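Colleague: I am new to this model and would welcome a close look at one part of it, followed by an account of its other elements.

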Amino acid sequence: MSWKQWKPGDPITINRIVWDGIESEFIQDVFERDWFGPSLYAERLQDALKNFVGTEHAQLLNSGSSALLLAAQALKAQGRWRDGDLILHPACTFPTSCNPIWQVGCVPVFVDVEEGTYVVSAEGVEEAIKEHPDIAGAIIPHLLGNIPDMAHIMGVLGDRPLIEDCCDTLGGAYRGQQVGTFGAAAGFSFYGSHHITTAGVGGALLTDDDDLYHLVHSMAFWGRKFNENGDPYHDFVNRYTYETVGYDMQMTEIQAAFGLAQMTRLARMNGKRWAQFEDTDLFMRSWENWLSLPKEHLGAEPSWFGYPVLVRERAPFEREHFVRWLLDHQIEIRPLFAGNLMRQPAYQDLTYVTVGEFTQADRNGERAFFLPAWGGMTEGQTEYLFDVIERFMVQW
C-alpha cells in the first residue's frame, strides 16, 4: 500500500505526499499500542529532527506557524523582546512568519527582498539597523527553500535574537551549517506540501536554548508546569499547575509516526528535489530574456520548495497569460505567497515601519509565481510540464 502514482490526464500538482508501507506500519503500531497522545513516536521524531538539524531541543507542534508564534512569545517571556519593540522582517513572505510580531505586541520593520533569490536583502537589513539601531530582533524566512546571505545578516544583527522561518527549507544549509541553527529558535512546517509531512499538517520548533525550550514546551501543552517527580500524590496535585499562558498546540502520536517514517526518505527526496529543480532550471534558461529565474547566494545550499519564476516587464506576455495557460493545462502553480504584505487587507490598520523602497516585493506580488519542483514527479510528468511551457512560449 502506497501513494497513488500519476497517470496521463491527471493534474500536475504543486506537491504530493510520498508514502509507502513504512508509514502504514508505524501508524498500525500506534493503533496496537492504543495510545494516541504524543509518546514513543513523538520522542523518536523529535530525536530525529534534532540529529538532522543539529540542535539540542525539538518540540513537535501542530504547525510551523505555531512554532513561530511560540518562539516570539518565549522571547517576550524571557524579556528579550518587549511591548513596542521593533522587529525586522522582509516585506514578501508567507503571512504567519510576520503575524507573531504583531501578536506579541511588537512592531514589524519591513525591508525589501531580492530579485531571483526572493529572500530578504542583507543590504536592506543593514540599512534598517543603521536607521533604527533600537531594532530588537528579526524573523527571517528561508523562502521557497532558498537562503539569505546569513554571514552578512548575522554580522549586522549582532546579539539581537533571530527567529528563523525554516518552514520551506528542511535540509537547506549555508556554508555547511544547517538552517535552523543560526538563531535563537527556528520553526519548521510539516504541512502536506513540505519536505516531510506529519500526515498533512504539523510543525516543530528547534532551539539550543534550554529556557526557551522549557517555555515553548509548557505553552504547547496548555501552559502546564512539568514537574513530575514520580511520587503519585505529588504528580496528582501538580498535574494542573500552569506556569505560562498556553495553548493546545501538540502533535498527535499518529502524526508523529507518519513523520518519523517520512524522515527515512528525507535525504533521498531532497536529492530528487534538487535534481528536478536543476532539470527545470536548465529547460527554462531558453526564455531567460523574458523570465527572471531563480538564483542563490554564494555558500547557500537551498532545499528548494518550488521553482520560482518572474515574468519580466519586457516579456511579450503578462503573468496572467502564462498562468492561465498553465492552469488550463492542469499544471498546479502558486503565487509567490503574499507578495508585498503591506498590500494585504489584513494589515491596513496595523502599525509597521518601512525602510527603503519595496519594488521587488511589489513585482513578486504582480509578476511572480512558482512551478512544481518537489522531487516526486515522474519522467512523464516532467515531459508533459516542459511540453506545456514550450507550447506557450512558441506562441510569442
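In which sense do strand 6 (residues 173–174) and strand 7 pair, and over how many bridges?

Modeller: Strand 6 and strand 7 pair in the antiparallel sense, over two bridges; strands pair if DSSP finds at least two bridges between them. The model is predicted, so local features need pLDDT of at least 70 and side-chain atom pairs pLDDT 80 or more, while totals for chains, interfaces and linings use all residues. Residues are numbered from 1 along each chain as its sequence is written, and side-chain values use heavy atoms, without hydrogens and water.

Within this pairing, Ala-173 stands opposite Gln-178 of strand 7. Both strands belong to an open sheet of three strands, ordered 7-6-11, with antiparallel pairing. Strand 7 (177–178) and strand 11 (300–301) form its edges, each pairing on one side only. Strands (E, at least two residues) and helices (H or I, at least four) are DSSP runs, numbered from the N terminus.

A second open sheet has eight strands in the order 1-9-8-5-4-2-3-14, and its pairing is mixed. Strand 1 (57–61) and strand 14 (353–354) each have a single partner strand, so one side of each of these edge strands is left without a neighbour in the sheet. Elsewhere in this order, strand 4 (residues 137–141) and strand 5 (residues 162–165) pair in the parallel sense over four bridges. There, Ile-140 has Glu-164 in strand 5 as its bridge partner. Helix 3 (residues 64–77) packs on the sheet and touches strand 1, strand 5, strand 8 (185–189) and strand 9 (203–207), contact being heavy atoms within 4.5 Å. The direction of helix 3 makes about 180° with that of strand 5.

Turning to the helices, the axes of helix 10 (residues 266–284) and helix 13 (residues 379–393) come within 11 Å and cross at roughly 20°; axes are lines fitted to C-alpha atoms, for helices over the stretch in contact, with angles from 0 to 180 degrees between N-to-C directions. Helix 10 is therefore roughly parallel to helix 13 (angles under 35 degrees). Asp-279, Thr-280, Phe-283 and Met-284 of helix 10 meet Phe-386, Ile-389 and Glu-390 of helix 13.

Helix 10 also takes part in one of the 26 aromatic pairs that the structure holds; such rings have centres within 6.5 Å. Because Phe-277 lies in helix 10 and Tyr-307 in strand 12 (residues 307–311), the pair ties together parts 30 residues apart in sequence.

Conventions. Angles under 35 degrees count as roughly parallel, over 145 as roughly antiparallel, 65 to 115 as roughly perpendicular and the rest as oblique. Rings of Phe, Tyr and Trp (its six-membered ring) pair if their centres lie within 6.5 Å; planes under 30 degrees apart count as stacked, over 60 as edge-to-face and the rest as tilted.
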